[in-house]
Amino acid sequence: MRTTEVMRDARRALDICNACRYCEGFCAVFPAMELRRQFTNADLSYLANLCHNCKGCYYACQYARPHPFGVNVPKTFAELRNESYAAYAWPRPLTALFRRNGLVVSLATALGIAAVLILANLFVPQTALYGARTGTGAFYAVIPWGVLVALSAAAFAFAIAALVMGGMSFWRDTETGSLGDGRTVGAALRDILTLRYLGGEGHGCNDLGERFTQARRHLHHCMFYGFLLCFASTCTATFYADVLGQDAPYGIFSLPVLLGTFGGVLLCVGTVGLIWAKIVSDPAPAAPSLLGPDFALLFLLLLAALTGLLLLAFRATAAMGPLLAIHFGVILAFFLLLPYSKFVHGIYRSLALLRWAKERDQDAAVPSRPEQRAPESENLRVALTAAPGNRA
Amino acid sequence: MLDLTRLFDVLVIGGGNAALCAAITAREAGCSVLLLEHAPRAFRGGNSRHTRNLRAMHRGPTSVLTETYTEAEYWDDLLRVTGGQTDEHVARLMIRDTAEALSWLAARGVRFQPSLTGTLNLSRTNAFFLGGGKALVNALYAHAQSIGVEILYDSEVLELKLDDGAVVEAAVSSKGFPETVRARTYVASSGGFQANITWLREYWGEAADNFRIRGTPYAQGRVLKNLLDQGVGSIGDPTQCHAVAIDARAPKFDGGICTRLDCVPFSIVVNRNAERFYDEGEDVWPKRYAIWGRLVAAQEGQIAYALFDSKCETLFMPSVFPDIRADTIAGLAGKLGLDAARLEATVHAYNDAVQPGRFDGSKLDGCHTEGLTPPKTNWAQKLDAPPYIGYPLCPGITFTYLSVKVDDRARVLMDYGRPTANLFASGEIMAGNILGKGYCAGTGMAIGSVFGRIAGQEAARHAHN
């Protein structure tokens with residue numbers, strides 16, 4: 001990544017942090033920082049993406065404003081992450097989508113819904129679109145099966161390709177080498193799936209302000225696992241349709257509907273909760289320029305969940321047609337936006353955690369770096385073991 | 001707005017760890033408590049906000065401390081650093097109470113680092129606050145507020161009016177307005193006077209103008225002086241302060257831990273005249289911090305320069321400001337503002353005196369000079385691998401030793417030995433009873449936590465009578 005103003009801010013902050021090290025108990029960022037004395041742009045990008053934005057280090061910081069040093073690691077790192085999303089985006093011309101990302105996501109969603117509605121209105125008979133229909137194949141009278149599959153698959157495949165390209169850029173930029181052995185990958189997966197560093201490893205985080213809570217971790221779990229359940233619902237539905245030859249809609253107690261309903265509700269709880277947390281939380285350690293992208297993705301996910309649940313609730317009525325078109329529009333927009341929304345944080349965070357899992361292993365094997373500011377004890381026997389350069 | 005005309009059970013003066021422990025304890029005992037913090041909210045917490053750990057005795061491994069650290073060993077450590085300038089009865093009481101201090105703090109929201117991360121060699125004796133002292137201060141303020149301690153920031157106590165050994169009222173400047181506050185009992189936890197340059201000048205002369213104060217600028221010693229002026233007993237050498245060598249580019253106040261320079265053992269250190277003045281390799285660095293603070297304070301202009309070469313670059317903790325480097329000694333002299341010819345001569349003489357040996361930064365390696373005054377007795381390596389690197393050093397004051405005298409119930413004693421009727425003290429303002437000299441990591445917070453609680457209990461008991 002090229003050097004920017006935010007990069008220089010981050011470097012300055014880390015020079016202070018690395019000389020202080022009081023925060024090393026909070027998360028992975030500070031132990032990873034302590035492995036370095038100088039910070040390349042790639043190091044900064046890695047550390048910024050390793051940061052889960054728990055804000056513990058901000059409230060604990062003796063150098064936070066109004067101290068003249070003005071250290072604000074969560075804010076600086078959030079800004080840096082946003083720059084890194086743009087820097088690693090693929091294809092290159094689309095990096096501009098990370099500027100004014102909130103607006104981009106909102107517009108794309110609206111356009112997605114409008115396009116599907118208009119196309120449905122143009123090509124689908126009015127009786128099919130606005131008539132109450134039930135029974136297998138009802139959905140496909142509104143949007144033909146082939147169109148549905150082709151559009152979704154194309155959008156999804158593009159999104160995956162773009163995400164993979166972005167991930168590879170990040171990996172190349174920040175690290176040369178293998179992904180690590182099975183044990184390392186397993187450790188990283190555990191850190192990713194449990195959000196280990198968003199819970200302060202049991203202590204909680206400064207989600208909303210000075211108090212420690214587990215709120216954001218729990219809400220993120222609701223959102224993430226709700227999302228996975230919805231995804232599983234789509235996959236099982238595809239399996240039912242393509243392999244078993246059963247057309248949607250499926251019964252209330254069928255696997256796709258159960259997964260989708262449970263997942264949709266979790267997704268709603270998670271996204272609404274996270275939106276609430278963003279609104280009520282202390283603005284000091286937050287980056288205002290990032291509220292747009294954050295809110296945009298949360299609302300998009302909420303919209304996807306809500307329209308899905310509404311479709312389920314009203315699928316036997318005349319509202320089914322328009323609801324299906326809207327839900328499909330939202331999903332289509334979501335797929336297309338995946339690589340150009342805050343969704344990418346999941347990719348880079350996971351890769352950063354994988355790299356940290358590797359570094360952690362390597363560091364444990366090499367016990368020789370100046371570690372900790374030794375305490376200020378004079379004439380004390382125990383001080384002998386705390387000599388600089390000695391990592392007991 | 002808080003009604004300051006009412007009579008409080010307990011008035012706590014100060015806003016650091018010791019003050020908060022006292023206020024919380026008194027409030028939990030059912031007292032109405034007002035805490036007056038001189039600093040604005042953002043800088044609350046006195047020097048506690050710059051601290052990191054608390055030294056606690058324990059009879060077995062805990063979640064944050066390994067092995068055991070007995071009263072005998074703690075006392076032995078304290079005796080060694082103070083050279084006997086400590087009140088054994090009070091000190092042992094403090095040591096025994098630290099066994100409970102951690103769980104008391106944890107129950108009130110303070111979080112500790114698990115013992116296995118990072119600081120292995122210290123986790124036997126010292127419990128580290130997760131995130132450091134400011135996180136501790138935040139937790140204690142949040143708890144104090146939640147149980148109903150009244151807190152006023154930007155409120156400096158100017159005077160505690162003593163009448164026949166009893167405090168009758170406190171003159172306060174609260175948010176810029178003069179106020180009088182009355183309480184049944186008073187707890188003075190308002191720290192030392194290390195940030196009061198005028199007062200330091202009384203003992204150090206103009207040199208004091210070149211000191212940096214590592215911690216809070218609010219430690220003005222106003223209450224301390226006011227009490228001593230009214231015949232309260234004192235303890236601790238008023239002329240002495242704990243000082244370490246820090247980066248001379250540090251801010252005047254509040255530079256905290258990150259300005260400390262740990263490169264001295266691997267350097268040669270010269271004064272403004274480009275001359276060495278003390279054995280840089282005398283002992284392991286943690287035992288020599290404070291000596292170097294005083295040594296630099298004794299140099300002209302209270303400034304010195306640590307010089308080393310690229311071999312030593314990564315042997316010590318990085319410090320906050322960039323190093324100063326050049327490819328030649330003369331070039332470095334130019335950048336540091338030293339006389340080039342003199343510095344070259346000093347380095348030349350030193351290089352010639354360095355004896356061959358196996359350098360090992362992790363222990364006393366015996367690599368020394370011969371025929372040089374002063375000698376360097378460990379880690380002596382030639383400066384011969386450019387770039388040459390330098391840091392400017394100046395004295396950074398941590399705290400002062402002068403204190404009010406207290407008994408084992410935290411009661412402030414008058415100079416004729418009788419306890420005051422309703423005045424208690426905790427924290428740095430009375431730390432000299434235990435630490436008359438030297439320092440032992442984590443004892444400041446230990447004294448504050450233990451005596452804060454004792455002062456709070458005693459004040460509450462007195463207020464109820």
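Helices (H or I, at least four residues) and strands (E, at least two) are DSSP runs, numbered from the N terminus. Residues are numbered from 1 along each chain as its sequence is written, and chains are lettered from A and ligands numbered from 1 in the order in which they are written. This is a predicted model, in which local features need pLDDT of at least 70, side-chain atom pairs count only at pLDDT 80 or more, and totals for chains, interfaces and linings use all residues.

I begin with backbone geometry. Most residues other than glycine have a negative phi, and most peptide bonds are trans. In the loop between β11 (241-247) and β12 (268-271) of chain B we find B:Asp254; its phi is positive, about 65°, although it is not a glycine. B:Asp254 counts as buried (20 or more other C-beta atoms within 10 Å of its own, with C-beta atoms placed from the backbone), because it has 24 C-beta neighbours inside 10 Å. A:Arg21, likewise not a glycine, has a positive phi of about 70°. A:Arg21 sits in the loop between α1 (5-20) and α2 (29-34) of chain A, and with 23 C-beta neighbours inside 10 Å it is also buried.

Next, the peptide bonds. The bond from A:Trp90 to A:Pro91 is cis, with omega near -10°, and A:Pro91 belongs to the loop between α5 (73-88) and α6 (101-123) of chain A. In chain B, the bond from B:Thr373 to B:Pro374 is cis, with omega near -10°; B:Pro374 lies in the loop between α9 (340-353) and β15 (388-400).

Finally, consider helix α10 of chain B. Of its 22 residues, 19 are buried, so α10(B) is largely enclosed by the rest of the structure.

Definitions and conventions:
Buried ≥ 20, exposed ≤ 12 C-beta atoms within 10 Å, placed from the backbone.
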